[in-house]
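Please view the sequence and coordinates alongside the text.

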Amino acid sequence: MSAIRFEPTKQYYATTGLVVGYALCSSLLAVINKFAITKFNYPGLLTALQYITSALGVWVLGKFGFLHHDPFKLDIANKFLPAAVVFYLAIFTNTNLLRHANVDTFIVFRSLTPLLVALADTIFRRQPCPSKLTFMSLLIILGGAVGYVATDSAFTLTAYSWAFAYLVTITTEMVYIKHMVMNLGLNTWGLVLYNNLLSLMMAPIFWVLTGEYNEVFAALVANGGNWFEPVAFPAVSLSCLFGFLISFFGFAARKAVSATAFTVTGVVNKFLTVMINVLIWDKHATPFGLVCLLFTLSGGVLYQQSVTGPPPHDSTASKQTSDSSDNDDHEDNQDKKMPGKHAST
């Protein structure tokens with residue numbers, strides 16, 4: 001009986017650690033990317049540097065035995081490719097949105113995703129319909145975020161175009177990647193390797209389509225072979241580091257929680273993003289906008305309450321242990337191959 005009670009507790013703390021790690025990385029990465037793109041105005045090249053850092057980091061750490069990842073195989077890569085395309089488009093539109101708009105614009109469109117993901121989960125993945133309380137909490141998140149940004153800066157047509165493109169791709173990515181994670185059987189580091197390596201392979205295509213390669217070569221010629229500002233190097237380096245960290249925490253959190261809960265976490269953690277945004281940028285919300293932000297956070301808390309059931313009793317815990325035995329065995333085997341995994345999460 002004691003083992004039955006211990007496993008749900010261990011799983012709870014592991015899941016909490018993954019979600020907190022994702023929240024911290026996500027909130028800081030938004031600000032770091034915004035700062036990096038202002039100093040290094042090449043979104044395609046910036047994301048490519050993030051991909052190569054993540055893919056190379058997994059490969060090198062795997063070679064030295066610090067982690068275990070699934071080997072790269074062409075048949076699995078072919079199955080994973082559609083998800084990698086969606087992921088690349090989500091990151092590409094996100095970076096260009098930050099290039100043409102402020103962080104507040106990013107936040108409001110990011111906040112629309114939980115509601116759309118919940119609908120997509122219900123329609124396409126045949127998940128149960130959200131309860132009235134859950135649906136109300138999602139509407140509160142949406143209303144608070146819209147009210148927050150409505151009190152701030154105006155949108156431009158270019159910013160709106162990238163924002164709508166980001167909204168479509170991030171909603172698709174939230175649902176489709178979750179489906180891919182649950183069905184390919186790759187471990188977390190394997191997912192990071194496949195996702196970033198395949199995305200890196202797609203980067204040159206978008207460099208040509210967007211004409212960014214012309215901007216890069218023009219900058220090299222104009223600056224005598226040096227397009228880096230002194231402050232740009234640490235900004236890009238931090239962006240690559242946090243891109244690597246969020247690759248792990250993002251996939252691990254997707255495995256641990258539902259697509260909607262994962263998306264809501266991404267919205268609520270923007271509270272830290274907004275705090276930093278107020279301190280470092282000249283455009284930020286009015287006091288009324290900050291009140292709207294509190295409504296957004298309240299909606300996130302209400303959502304968590306609406307989807308969290310009471311602590312499991314012995315019979316319930318036994319059922320949960322039985323239902324998750326395959327996943328637990330997979331995690332146990334992965335733990336043996338990945339020393340220090342729980343310490344890092």
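## Aromatic pairs

In this predicted model, the count of aromatic pairs comes to 17. One of them joins Y88 and F206: the ring centres are 4.6 Å apart and the planes meet at 35°, so the pair is tilted, since stacked would need planes under 30 degrees apart and edge-to-face over 60. Y88 has a relative accessible area of 1% and is buried. F206, at 18%, also counts as buried, because the cut-off is under 20%.

A second pair is formed by W189 and F248. Their ring centres lie 4.6 Å apart with the planes at 20°, so this pair is stacked. W189 sits in helix α8 and F248 in helix α10 (residues 232-256), which puts the two residues 59 apart and links distant parts of the chain. W189 and F248 are both buried.

## Aromatic cluster

Which residues form one aromatic cluster? The members are Y51, F87, Y88, F92, W162 and F206. The tilted pair of Y88 and F206 therefore falls inside this cluster.

## Helix α9

Helix α9 spans residues 212-222, and its buried residues are E212, V216 and A219. Viewed down the helix axis, these buried residues fall within an arc of 65°, so they line one face of α9. An α-helix has 3.6 residues a turn, so residues three or four places apart point the same way.

What do the buried residues of α9 pack against? Their packing partners are α2 and α8. On the other side of α9, the exposed residues include F217, V221 and A222.

## Confidence

The mean pLDDT of the protein chain is 76, and 77% of the residues reach 70 or more.

Where pLDDT is low, the predicted coordinates should not be read in detail.

How values were computed. Residues are numbered from 1 along each chain as its sequence is written. This is a predicted model: local features need pLDDT of at least 70, side-chain atom pairs count only at pLDDT 80 or more; totals for chains, interfaces and linings use all residues. Side-chain values use heavy atoms; hydrogens and water are left out. pLDDT is the predictor's confidence in each residue, from 0 to 100. Rings of Phe, Tyr and Trp (its six-membered ring) pair if their centres lie within 6.5 Å; planes under 30 degrees apart count as stacked, over 60 as edge-to-face and the rest as tilted. Buried means under 20% relative accessible area, exposed over 50%, partly exposed in between (1.4 Å probe, protein chains only). Helices (H or I, at least four residues) and strands (E, at least two) are DSSP runs, numbered from the N terminus. The arc is that of the directions from the helix axis to the C-beta atoms. Contact means heavy atoms within 4.5 Å.
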